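Hi,

Here is the structure I promised to pass on to you. Have a look through it first, and then read my notes below.

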Amino acid sequence: MITTNALAAIALTYVMFLFTVAFVAERAARRGHVDWLRAPIVYTLSLSIYCTAWTFYGAVGSAVRGGFEYLTIYLGPSLVMIGWFWGLRKLVRIGRAQRITSIADLISSRYGKSNLLGVGVTLLAVIGTTPYIALQLQSVTLSVDVFAHPESDGSNQLMTAFWVAAGLSLFTVIFGTRNLDANERHHGVVMAIAVEAVVKLFALLAVGVFVVWGLMGGVSEALARVDASALGQWDVQGGRWVGLTMLSAAAFLCLPRMFQVMVVENDSDAQLRLAAWAFPLYMGLMSLFIVPIAVAGLDLLPAGANPDLFVLTVPLSQGQEGLAVLSFLGGFSSATSMVIVAAIALSTMVSNHIVMPVWLHLRRDAASFSGDVRHVVLLSRRLSIMGVLLLGYVYYALSGGGAALSAIGLVSFTGLAQILPALLGGIFWRGATRSGALAGIGIGFAIWMYALFLPSFGEGVILSRAVFETGPFGIAALHPHALFGLGGLDPLMHAVLWSLSLNTIAFFVASMVSFPSPIERLQGAQFVNADLAATGRRGWSGAAAQSEDLMVMAQRILGAREAQALFLREARKQGVSGLLPDPTPQFLEVLERELAGSVGAATAHAMVGQIVGSMRVSVEDLMAVADETAQMMEYSARLEAQSQELTRTARQLREANDKLTRLSVQKDAFLSQISHELRTPMTSIRAFSEIMRDSDALDPGQRAKYASIIHDETLRLTRLLDDLLDLSVLENGQVNLNIRRERLSDLLDRAVAAAAADEMGACIRIDRSTIAEQVVLETDVDRLGQVFINLIANARKYCDARDPALTITVTEDAGGLVIDFIDNGAGVSTEAQDVIFEKFSRVGDQKAGGAGLGLAICRQIMARLGGDIRYLPGQGGAAFRVIVPAALEQAAE
Amino acid sequence: MNAGPPPPLFVERQTYRLRRLRDAARALPVLALMLWLVPILWSMPGEAVSASGALIYLFGTWAALGLSAGLLIWAIERAERRARAAEDEARARRETAL
């Protein structure tokens with residue numbers, strides 16, 4: 001028989017081993033060797049703190065008492081893990097992105113950093129977890145008792161519990177508050193509980209294998225034994241099966257210790273991906289041999305034996321002391337790992353949401369502005385850890401460790417599940433508000449206290465016996481086990497039903513009717529849309545904290561003079577008079593950097609975060625955010641406009657280039673043309689004048705003929721030079737307009753007559769609308785007539801139709817009087833259309849004479865007259881539109 | 001807030017596959033829930049189910065679901081790698097084209 005001392009030595013050795021593991025891991029982490037510490041398998045194993053001593057020992061007891069119901073405790077979390085893609089993925093991403101330190105922090109941060117909510121969740125967590133810690137202490141003492149003398153008394157148990165609690169608080173203080181990490185990761189602790197996870201799984205499997213193969217003789221025999229036992233029939237109430245599965249799934253997300261390992265200690269999606277499938281399998285293995293062990297215990301042990309200890313007593317009764325010790329270590333591991341992590345999680349919450357705010361509030365007016373806040377934070381953590389464990393111990397000592405404690409596991413689950421609506425609502429629903437969360441958690445908490453937690457102490461302990469008989473003050477509708485007349489339910493399910501449903505309804509309704517503050521809305525958007533910003537590194541997004549708080553804190557760390565200098569500098573930079581700058585994000589960054597110079601970056605971040613309250617936003621910052629967005633949008637619109645403009649300009653430039661190229665070609669062609677035009681008359685003038693000079697035998701007829709040729713040629717030259725001069729005058733704007741009044745029809749009559757007088761060109765039929773032409777114009781009618789003549793003469797010259805016709809239409813529109821000259825010829829080719837108005841431009845190089853100046857002159861004239869002339873494509877022939885400005889036309893009336 | 005272009009309505013093959021795998025990851029817990037709610041039927045009168053049968057069913061589904069979840073995650077990771085590789089390739093091609 002193993003003595004208690006030997007057992008104590010074994011346990012102590014084991015604890016030493018854990019210390020070593022934690023120490024090595026912590027040192028490796030400090031040296032930066034974190035790869036293996038962050039391995040997904042370590043994360044997965046660390047999740048096993050869900051399996052506490054309550055499940056390690058208690059599952060068998062639960063199987064004996066309630067049949068297969070124990071499975072629900074494992075199935076719920078497995079469901080959550082398998083469904084990682086729905087919720088957990090988002091939860092851990094939010095946890096990482098927002099540097100969440102605990103579930104209370106998550107809730108309070110999501111709902112606009114409400115400290116009230118933080119305090120509420122912390123209280124709920126402490127009340128819900130303390131009995132659970134007591135339960136772990138109880139299981140360790142009971143398991144120690146199994147090895148001790150049967151006649152040992154209660155004081156011995158209390159001593160065991162006390163030393164276990166003391167040892168655990170020592171471990172937790174050492175490894176749980178080693179540093180103030182910015183993201184609250186505890187590599188040593190996580191590594192230790194991963195090792196413990198292996199130990200407890202191995203221990204339970206060893207006992208199971210021993211029972212199935214060693215005692216029962218194989219799988220089929222074991223199954224037959226199970227069928228033949230008291231557990232042989234499936235006997236689970238449907239409601240409890242569903243209810244407990246859902247409850248444990250909810251608790252899995254909400255338990256502070258689970259949140260600690262699952263969200264706070266997480267640092268990559270890869271960790272979650274392994275855990276998502278490996279952890280359900282771990283849970284399956286943990287629960288695989290529960291029923292055979294229970295059946296073996298029922299068969300082998302005397303009727304009164306405590307089924308909660310079958311895992312220990314079955315191997316012991318078979319003389320397997322080694323196995324029993326292994327099993328003891330498994331149970332010990334389960335208990336210790338749970339207590340350690342729960343203590344860390346609770347102490348973080350208590351310290352961040354209760355102790356530090358109170359301490360800062362109390363010290364705000366204190367005269368002493370010296371001292372290191374870091375020590376205060378660590379001290380408050382350490383005291384909180386000890387306080388939590390002490391509370392657990394006191395609870396255990398007071399409750400006397402009876403059967404009442406065994407039931408506390410589910411009671412605790414139910415209490416913490418009250419956070420679920422606010423948690424899920426917070427990460428999936430932007431409409432969830434602080435009021436909603438407060439209302440939901442408040443109502444759920446109250447119902448849980450009244451209907452489940454207080455009654456769990458037993459009738460007459462806290463709630464009087466009368467309450468359980470007739471309801472409080474005789475009101476039956478308020479009976480704790482039959483609220484609003486809903487009796488006949490199992491008390492646990494009754495409390496779960498009422499608390500969670502009213503919690504959810506209150507949460508929803510209060511969220512609907514309340515309006516969130518700007519901070520809440522911003523936080524809500526960041527939480528709900530976490531995927532969008534999953535990669536962005538977050539700085540301080542502003543703080544609504546009082547600058548004075550920051551000042552107080554900074555003075556304590558930097559020293560009064562330095563801090564004041566820093567604040568003054570920043571205030572000047574912001575243009576604020578006085579000593580206190582506005583707590584803008586920029587200022588907080590600067591402050592954090594300054595603090596980091598004194599106490600390290602991580603600590604500085606944690607301190608600003610923990611004391612100021614992380615991620616607070618002022619309305620100014622919100623507006624800045626909106627402003628920034630507006631600026632970005634405006635900027636991008638401007639860029640777009642610029643790029644469109646550039647495209648347009650490029651096209652215009654290309655067109656201009658094409659035109660220039662064509663013009664250059666034209667100019668070359670013109671030069672040869674003009675030299676030809678000048679040369680031809682010059683040649684004949686020279687030739688005939690030489691003949692007249694050199695030959696004396698010219699008769700008067702010949703002489704007259706030659707002289708007239710010379711005269712004609714000089715006229716032609718003069719006309720050409722006149723045209724050039726005319727154009728040059730028009731272009732230089734030196735022309736004087738001779739404004740007169742004349743009827744359009746008269747003007748056109750003269751133009752037609754003048755054009756017809758020209759001997760060149762075919763005869764052309766001209767269609768006119770005399771009625772529309774009865775308009776009086778006041779303009780330089782000679783110049784306008786020149787344009788008309790030119791157009792009509794062109795039509796005569798170039799219209800190549802067999803039966804040439806020119807249609808002149810006159811219309812009035814807003815821009816003025818529009819006169820179209822449309823012939824029925826081939827028209828002007830598209831390439832030629834934009835150059836015909838240029839100087840020296842001639843369509844083709846056909847027979848018709850002229851230097852190609854006519855239309856250029858027309859355009860200049862029209863420009864002088866304030867009108868326009870343009871080519872009108874698509875009219876079935878060459879078509880020109882002359883626009884005479886309205887002002888002149890109206891002036892004529 | 002979002003000034004970027006709207007997400008495309010239709011995606012390439014790899015991305016499509018990845019999305020369907022994620023759908024499967026969402027569907028798996030629903031399947032798990034249905035499978036694990038089957039025991040409600042057993043507690044109905046006249047439906048006596050032996051303990052061994054219940055154990056085999058529950059642990060069988062448990063192992064199957066855990067392994068399928070693992071398989072699915074493996075497939076998702078592979079599809080993500082492929083989609084990323086395809087994206088990189090497309091980007092490289094665009095850059096060389098420019």
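What follows is a quick tour of what I found in it.

One thing to keep in mind throughout: this is a predicted model.

**Chain A overall**

Let's start with the big picture. Chain A has 893 residues, and 47% of them are buried. If you take the contacts in chain A between residues at least 6 apart in sequence, 81% of them join residues at least 24 apart.

**Two helix pairs in chain A**

I picked out two pairs of helices for you. Begin with helix 1 (residues 4-30) and helix 10 (residues 187-215) of chain A, which pack with their axes 7 Å apart, at an angle of about 140°. The two are therefore oblique to each other, and their crossing is right-handed. Who meets whom here? On the helix 1 side of chain A you'll find A:Leu18, A:Val21, A:Ala22, A:Phe23, A:Ala25, A:Glu26 and A:Ala29. Facing them from helix 10 of chain A are A:His187, A:Gly188, A:Val189, A:Met191, A:Ala192 and A:Val195. By class, this contact between helix 1 and helix 10 of chain A has ten nonpolar residues, two polar and one charged.

The other pair is helix 22 (residues 434-453) and helix 24 (residues 491-513) of chain A. Their axes also lie 7 Å apart, and the angle is about 165°. That makes helix 22 of chain A roughly antiparallel to helix 24 of chain A, since an angle over 145 degrees counts as such. Again the crossing of helix 22 and helix 24 of chain A is right-handed. The contact of these two helices of chain A involves 18 nonpolar and nine polar residues, and no charged ones.

**The sheet in chain A**

Next, find the open sheet of five strands in chain A, with the order 4-6-7-9-8 and mixed pairing. Which strands stand at its edges? They are strand 4 (765-768) and strand 8 (868-871) of chain A; each has a single partner strand, so one side of each is left without a neighbour in the sheet. From one strand to the next, the twist averages 15°.

Strand 6 (residues 805-813) of chain A runs antiparallel to strand 7 of chain A, with eight bridges joining them. They form a hairpin, with two residues between strand 6 and strand 7 of chain A. Strand 7 (residues 816-823) of chain A also pairs with strand 9 (residues 879-885) of chain A, in the antiparallel sense and over seven bridges.

**Where chain B touches chain A**

Finally, the interface: 31 residues of chain B are in contact with 34 residues of chain A. On the chain B side, helix 1 (13-37), helix 2 (39-42) and helix 3 (51-97) of chain B each supply at least two residues. Which helix gives the largest share? It is helix 3 of chain B, with 13 residues. By class, the side of chain B that touches chain A has 24 nonpolar, five polar and two charged residues.

Happy exploring!

Technical notes
Residues numbered from 1 in each chain as written. Chains lettered and ligands numbered in written order. Predicted model: local features only at pLDDT ≥ 70, side-chain atom pairs only at ≥ 80, totals over all residues. Axes fitted to C-alpha atoms, helices over the stretch in contact; angles between N-to-C directions. Helix = DSSP H or I, 4+ residues; strand = E, 2+ residues; numbered from the N terminus. Parallel < 35°, antiparallel > 145°, perpendicular 65-115°, else oblique. Left-handed = near helix turned anticlockwise from the far one by under 90°. Nonpolar A, V, L, I, M, F, W, Y, C, P; charged D, E, K, R; others polar. Pairing = 2+ DSSP bridges. Contact = placed C-beta atoms within 7 Å. Buried ≥ 20, exposed ≤ 12 C-beta atoms within 10 Å, placed from the backbone.
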